[in-house]
Amino acid sequence: MAVYRRSARPRFTLLLLVVTAVTLLTLDERGARVVDSVRGAARDAFAPITSAADAVFEPVGDVVQGIVHYGDLEAENARLREQLASRDGEQLKAQDAQRELKALLDQQELAYIGDIPTVAARVVTLSPNNFELTLEIDRGTGDGVVQGMPVVSGAGLVGRVVEASRTRSTVLLITDAESSVGVRLVSSGDIGVANGQGERSPLGVDLIDPATVVPPDEVVVTSGLQQSVFPPGIPVGKVRSATARPGELQQEVTVDPVVDLSRLTFVKVLQWSPRAA
């Protein structure tokens with residue numbers, strides 16, 4: 001009669017399952033610290049490999065990103081350039097406005113003209129041709145401006161009106177070769193005539209006595225003698241040089257205009273004539 005003998009393998013399997021369950025429960029009770037430790041050790045072990053891979057593939061990734069987003073970058077650059085240009089334009093406008101404001105303020109109180117009535121004008125054009133040194137202003141006979149009236153700025157004498165229509169006038173600058181101004185040296189009181197010698201040349205002054213001491217930077221003003229085209233006391237320039245040669249009847253004196261005639265924005269026309277003096 002055959003005897004059935006029960007195998008020991010199921011018992012061993014059951015024992016293994018029990019031990020595994022107990023181990024898992026123990027790990028669970030100890031919390032995530034064990035798992036975290038294992039994970040941290042693995043991260044440290046693979047860190048050099050990860051860094052090397054990043055170093056190799058990062059430039060490639062940048063190139064790919066650049067290609068994909070090239071259109072966006074170009075549009076962004078265009079937008080930034082436009083903003084920069086707009087900001088530069090605003091700054092230039094602000095600087096120009098400040099310069100015009102200063103030019104206007106400089107003409108608010110012209111002590112040297114006394115109570116002579118004036119007409120304020122804006123300079124429209126400067127020297128429209130190469131044959132004469134003139135400027136055009138936006139005031140004419142309709143505003144009380146007539147031929148022969150002196151024109152000044154904040155610093156001093158600019159010239160005189162030589163043509164006038166109803167809304168525009170032409171002013172001959174003191175540097176023009178056809179311009180002559182009766183002048184007086186402030187320190188000595190000597191009288192002379194300042195003649196224009198061209199756009200970038202100083203005025204030449206005639207009739208100054210050779211014995212007169214004429215220091216550099218001495219101020220020269222209009223003489224205002226009888227029948228003079230200009231009233232007295234308007235600043236004309238400062239002495240650049242004075243040379244007295246033996247045997248000469250007069251000194252060679254040159255004068256730089258006190259007004260920057262190439263940067264005029266506003267001027268004032270003096271409603272004055274020799275007959276009214």
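The side chain of Q271 reaches the backbone oxygen of G144 at 3.2 Å, a polar contact being a pair of N or O atoms within 3.5 Å in which, within protein, one must be able to donate a hydrogen and the other to accept it, and for which residues adjacent in sequence count only if both atoms are side-chain atoms. The model is a predicted one, in which local features need pLDDT of at least 70 and side-chain atom pairs count only at pLDDT 80 or more, whereas totals for chains, interfaces and linings use all residues. Residues are numbered from 1 along each chain as its sequence is written, and side-chain values use heavy atoms, with hydrogens and water left out.

Q271 is placed in the segment after strand 12, where helices (H or I, at least four residues) and strands (E, at least two) are DSSP runs numbered from the N terminus. With a relative accessible area of 31%, Q271 is partly exposed, on a scale where buried means under 20%, exposed means over 50% and partly exposed lies in between (1.4 Å probe, protein chains only). Leaving aside residues up to four places away in sequence, Q271 touches I116, P117, T118, V119, D143, G144 and M149, contact being defined as heavy atoms within 4.5 Å. The C-alpha atoms of Q271 and V145 are 7.0 Å apart in space, although 126 residues separate the two in sequence.

Two strands are regarded as paired if DSSP finds at least two bridges between them. Strand 1 (residues 118–126) pairs with strand 12 (residues 266–270) in the antiparallel sense over five bridges, and T118 has L270 of strand 12 as its bridge partner. Strand 1 also pairs with strand 2 (residues 134–137), again in the antiparallel sense, over three bridges; here L126 has L135 of strand 2 as its bridge partner. Strand 4 (residues 157–164) and strand 5 (residues 169–173) run antiparallel and are joined by five bridges, with L173 of strand 5 as the bridge partner of G159.

The largest nonpolar core comprises 42 residues, and those with the most contacts inside it are L135, L157, V158, L264, V267 and V269. Such a core is a set of buried Ala, Val, Leu, Ile, Met, Phe, Trp, Tyr and Cys residues joined through side-chain atoms within 4.5 Å. In soluble globular proteins, nonpolar side chains tend to be buried together. When residues up to four places away in sequence are not counted, L264 touches V123, L135, S153, V158 and V259.

T222, in strand 9, is buried, with a relative accessible area of 1%. A polar atom of the T222 side chain lies 2.6 Å from the backbone oxygen of P231, and the residues that T222 touches, not counting those up to four places away in sequence, include L157, V181, G182, F230, P231 and V236. L225, by contrast, is placed in the loop between strand 9 (219–222) and strand 10 (235–243) and is partly exposed at a relative accessible area of 47%.

A search of the whole structure finds seven salt bridges, each requiring a side-chain nitrogen of Lys or Arg within 4 Å of a carboxyl oxygen of Asp or Glu. R79 forms one with E76, the closest N and O atoms being 2.4 Å apart; both residues lie in helix 3 (residues 70–106), three residues apart, about one turn of the helix. R79 is partly exposed at 38% relative accessibility, and E76 is likewise partly exposed at 33%. In the salt bridge between E136 and R168 the closest N and O atoms are 3.8 Å apart. That pair links distant parts of the chain, with E136 in strand 2 and R168 in the loop between strand 4 and strand 5, 32 residues apart. E136 is partly exposed at 26%, as is R168 at 33%. R263 and D260 form a further salt bridge, with their closest N and O atoms 3.2 Å apart; R263 is exposed at 63%, whereas D260 counts as partly exposed at 39%.
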